[in-house]
Amino acid sequence: MRESYDVIIIGAGASGLASAWFLCKEGLKVAIFEQGKLLNEQDYIPINKGGEIQKFKDLNDNPNVRKHDYDYLINSDNSPIDIANFNGIGGSTILFSGHYPRFRKSDFKTFSNDKVGIDWPIDYTILKKYYEINERITGVAGISGNSNYPDIKNLLPPVPLGKMGYILAKGFRKLNWDWWPSYSSINTIPYNNRPADDYQRPSNLGDVNMSKGSANNTYLPLAKSDGLIIKERCIVSKLICENNQIKNINYIDNDGSFNQAKAKIYIIAASGIGTPRLLLNSRSTSSTNAIANKSNLVGKNLMLHPIGYVEGLYKENLYSNFGPQGCCLMSQEFHETKEENGFERGYTIQALRGPLPIESSLSLTNRKIITFGEKFWHEFESNYNHSAHMIVITEDLPDIRNEITINKNLINKYDQPGVNVNYTLSDNSKRMLSHGINNSRKVLKASGAYKTFGYAPVRGTGWHTLGTCRMGNNPKESVVNKYGKCHDVTNLFIIDGSVFPTSSCVNPAATIQSLALYFSEKIISIYKELLAL
């Protein structure tokens, strides 16, 4: 007999666990299927015992490097940016830095405001309520009063800027440019039965003490207490669709056995890569096309937030590696379209904490700042932590030519296909990256750097996979409607970053989770008849 639930959610990451919590508290029988596993304390090597080495294998953000049995492989040969993701209970939030801003009001209306991209079918005012719910559950450190985010309140104390942060803030002030302490999903004080962070482990190398606001720390315990059924190490291979309705899923369990499960409502929360991959690998009995793809937009309009990296070297020790890796300060001086900039929309400058010793030594030797040999240790100590680091996060505009396709020649242990990434950096993004790198160098020099270094795009930074199943009111121009329901399938919803019509120029995690809560509420209030079947 097939397993039966009210709701099946595919993917236990940022959006999947947020939705699971919302639906479980409404009394629904919810099962979440995740191809990865729940990481426990024994899965992490402490930093003081060499834990940084995990970044190069088990906790690497590239599935082609990790090669876990349950990962699918990704071919990025036709892209200047490699896809970065992580499969497991908590998804990519396990390795995300914790930088957690909202989108701004203008981000939802780029076509109305700037005649580029496409307008969202919802706006900021609709999501505001869900941002607040999400921030209350997650816990966000920061400072209120920012004119760019006037509605954010009830914040935890900000993550300390540290010496590096204060030095950079001095540079921004000298140029009279906007800057603000990062909004960070890091507990700076005990919150929601989770301790304060001790800043001993970089936020992008997992979390042992539950101080980071990753979905496995925040939504998972709440959903489990309301009855969430967790199916870990279960790979959903196909959706079975008949007469425009999903009848069941096929999945492979952690023993390698093939199984089926059914529900009244199905929700995909597998990321901007995993979601189109699943749809493209499934076929309706009445069509040769992929499921939910009458628009031919499944997998199209991939947006990746091309990133530029800039580093400044200083005579003094800035202790730049201390603290959450991505949570220091940010500047949105160049967030909006300005004619004099020479490009549409804009970018965020974000300060990063410095890398740990292994990554730092590899970077310094590759750039020939230090060399292996008798003088290595002296040269290393003279440079390590004597640096400040910034990235330029650009708003990637949708382009139908940028896409995800199935690669059936790229299979994993369970014969599951991988994907091809076909992505070209736009001229607009190139101009934006050049502008951002030049301005970041100005900040570094104004803050006292004696040397700067920068390049773009950074290859291994495709964390923000957005737009591949966009939402919209017109079924010919979108995959899901403004409530996340697929236009073509009566009981299928998509709730992750793949539904984003445009990308903004900030980390999307807070918006992904807030949107998932919004969609989940609409399932209860608008589509409740599906649950009565």
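Two strands count as paired if DSSP finds at least two bridges between them. Strands (E, at least two residues) and helices (H or I, at least four) are DSSP runs, numbered from the N terminus. The model is predicted: local features need pLDDT of at least 70, side-chain atom pairs count only at pLDDT 80 or more, and totals for chains, interfaces and linings use all residues. Residues are numbered from 1 along each chain as its sequence is written, and side-chain values use heavy atoms, with hydrogens and water left out.

**View 1. The mixed sheet β3-β14-β13.** Three strands form this open sheet, in the order β3-β14-β13, with mixed pairing. β3 (74-75) and β13 (403-411) are the edge strands; each has a single partner, so one side of each is left without a neighbour in the sheet. Helix α7 (residues 271-280) packs on the sheet and touches β3, β13 and β14, where contact means heavy atoms within 4.5 Å. The direction of α7 makes about 70° with that of β13; axes are lines fitted to C-alpha atoms, for helices over the stretch in contact, and angles run from 0 to 180 degrees between N-to-C directions. β13 pairs with β14 (residues 417-422) in the antiparallel sense over 6 bridges, and T405 stands opposite N420 in β14.

**View 2. The antiparallel sheet of 6 strands.** The order in this open sheet is β4-β10-β11-β12-β9-β15, and the pairing is antiparallel. Its edge strands, β4 (180-181) and β15 (451-455), each pair on one side only. Helix α10 (residues 427-446) packs on the sheet, touching β9, β11 (347-352), β12 (387-394) and β15. The direction of α10 makes about 155° with that of β12. Between β9 (residues 307-313) and β15 there are 5 bridges in the antiparallel sense, and E311 stands opposite F453 in β15.

**View 3. The hairpin of β6 and β7.** Strands β6 (residues 235-242) and β7 (residues 245-252) pair in the antiparallel sense over 7 bridges. V236 stands opposite Y251 in β7. The hairpin has 2 residues between the strands, and N243 takes a positive phi near 50°.

**View 4. The second largest pocket.** A pocket is an open set of points on a 1 Å grid over the protein atoms alone, with protein on both sides within 12 Å along at least five of seven lines; a cavity is a set where a 1.4 Å probe fits but cannot get out, and lining residues have an atom within 4 Å of a point. The second largest pocket holds about 360 Å³ of space, the volume being that filled by probe spheres set on points joined across faces, edges and corners. Of its 21 lining residues, I47, D198, Q200, R201 and V208 lie nearest the centre.

**View 5. The largest cavity.** The count comes to 1 cavity of 30 Å³ or more. About 40 Å³ of space lies in the largest cavity, which is lined by N146, N148, Y149, D178, W180, M330, S331 and Q332.

**View 6. The salt bridge of K55 and E359.** The two side chains meet at 2.8 Å, N to O; a salt bridge is a side-chain nitrogen of Lys or Arg within 4 Å of a carboxyl oxygen of Asp or Glu. K55 lies in the loop between β2 (30-34) and α2 (63-66), and E359 in helix α8 (residues 357-366), 304 residues apart.
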